[in-house]
Amino acid sequence: IYFKRNFFSKINNRQYIAITLFEGPLLALILAVALRNHDQGKEYLFGTNPNITVFMFISTIVALFLGLMTSAEEIIQDKKILKRESFLQLSRNSYLLSKISFLFLVSAIQSLLFLLIGNPLLGFPAALFMDYFLVLFSVACFGNLLGLNISSGMKTRVAVYILIPFLIIPQIMLSGVLVKFEDLSPVMNNQPKVPF
């Protein structure tokens with residue numbers, strides 16, 4: 001019942017559907033066109049493009065961001081309904097599982113659409129499609145769960161959106177891609193291995 005109610009409320013919101021379905025492919029198109037590097041007049045080859053790792057890294061950030069943005073308001077927007085229905089003593093676990101399963105479904109669609117646009121434009125081998133899908137889908141699901149946690153702990157939507165950069169920027173900085181772990185400040189990395 002929770003899943004059905006959530007599903008139909010989202011389906012009836014055309015703006016939500018448009019943003020949810022077109023945000024990923026549009027970002028993939030922009031990234032793929034900008035990062036499709038090859039010499040003028042020569043044929044593009046996947047193996048000679050130095051920007052493939054950049055695309056892969058930005059793709060994971062996009063997946064995290066899409067996962068967070070999709071779920072960040074989910075519980076806050078339902079707080080009035082939950083309060084009104086609290087006397088019915090409905091299952092909290094059922095409510096959360098319905099949110100999680102719906103968000104995971106949305107994340108699967110977004111990850112699939114992102115890769116269907118980005119991978120062919122950059123010439124990714126078809127054999128790697130499922131591997132990249134699983135990575136992006138897993139990151140998006142993590143973003144969903146993180147967004148639900150934020151949504152349940154904050155009182156206003158503004159607070160949620162102020163908090164999101166504080167969650168994403170440290171993850172980007174500490175990913176080991178932009179700054180190598182051994183180049184981090186000694187305060188953060190006092191051992192030769194990956195910091196805890």
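**The largest cavity and its surroundings**

Modeller: The largest cavity is lined by Ser59, Val62, Ala63, Leu66, Ser107, Gln110, Ser111, Phe114, Leu136 and Ala140. Helix 3 (52–71), helix 5 (92–122) and helix 6 (129–153) are the elements that each give two or more residues to this lining. A cavity here is a set of points, on a 1 Å grid over the protein atoms alone, where a 1.4 Å probe fits but cannot get out; a pocket is an open set with protein on both sides within 12 Å along at least five of seven lines, and lining residues have an atom within 4 Å of a point. Helices are DSSP runs of H or I with at least four residues, strands are runs of E with at least two, and both are numbered from the N terminus.

The model is predicted, so its local features need pLDDT of at least 70 and side-chain atom pairs count only at pLDDT 80 or more, while totals for chains, interfaces and linings use all residues. Residues are numbered from 1 along each chain as its sequence is written, and side-chain values use heavy atoms, with hydrogens and water left out.

The volume of the largest cavity is about 50 Å³, and the structure holds one cavity of 30 Å³ or more. A volume is the space filled by probe spheres set on the grid points, which are joined across faces, edges and corners. Six of the lining residues are nonpolar, four are polar and none is charged. In this division Ala, Val, Leu, Ile, Met, Phe, Trp, Tyr, Cys and Pro are nonpolar, Asp, Glu, Lys and Arg are charged, and the others, Gly among them, are polar.

Ser107 of the lining is also a contact of Asn144. Asn144 sits in helix 6, and it counts as buried because its relative accessibility is 0%. Buried means under 20% relative accessible area, exposed over 50% and partly exposed in between, with a 1.4 Å probe and protein chains only. Leaving out residues up to four places away in sequence, Asn144 touches Gly67, Leu68, Thr70, Ser71, Leu103, Phe104 and Ser107; contact means heavy atoms within 4.5 Å.

Phe114 leads from the cavity lining to the largest nonpolar core, where Leu31, Phe55, Phe114, Leu115, Leu122 and Phe124 touch the most other members out of 18 residues. Such a core is a set of buried Ala, Val, Leu, Ile, Met, Phe, Trp, Tyr and Cys residues joined through side-chain atoms within 4.5 Å. Val62 and Phe114 are both in the cavity lining. Another core lies apart from the largest one; it has nine residues, among them Leu64, Ile150, Ile164 and Ile168. In soluble globular proteins, nonpolar side chains tend to be buried together.

Ile117 is also in helix 5. At 32% relative accessibility, Ile117 counts as partly exposed. Beyond four places in sequence, its contacts are Pro25, Ala28 and Leu29. Ile117 and Gly24 are 93 residues apart in sequence, with 9.0 Å between their C-alpha atoms.

The open spaces come next. The largest pocket has a volume of about 390 Å³. Fifteen residues line it, and Tyr16, Ile19, Thr20, Met69 and Glu73 are the closest to its centre. Helix 1 (2–11), helix 2, helix 3 and helix 4 (74–85) each give two or more residues to that lining. Helix 2 provides the largest share, five residues. By class the lining has four nonpolar, seven polar and four charged residues.

The second largest pocket has a volume of about 160 Å³. Its lining includes Tyr16, Phe102 and Gln110, and Gln110 also belongs to the cavity lining. Helix 5 supplies the largest share here, five residues. Nine residues of this pocket lining are nonpolar, two are polar and one is charged.

For the protein as a whole, the secondary structure consists of seven helices and zero strands. Buried residues make up 34% of its 196 residues. Of the contacts between residues at least 6 apart in sequence, 74% join residues at least 24 apart.
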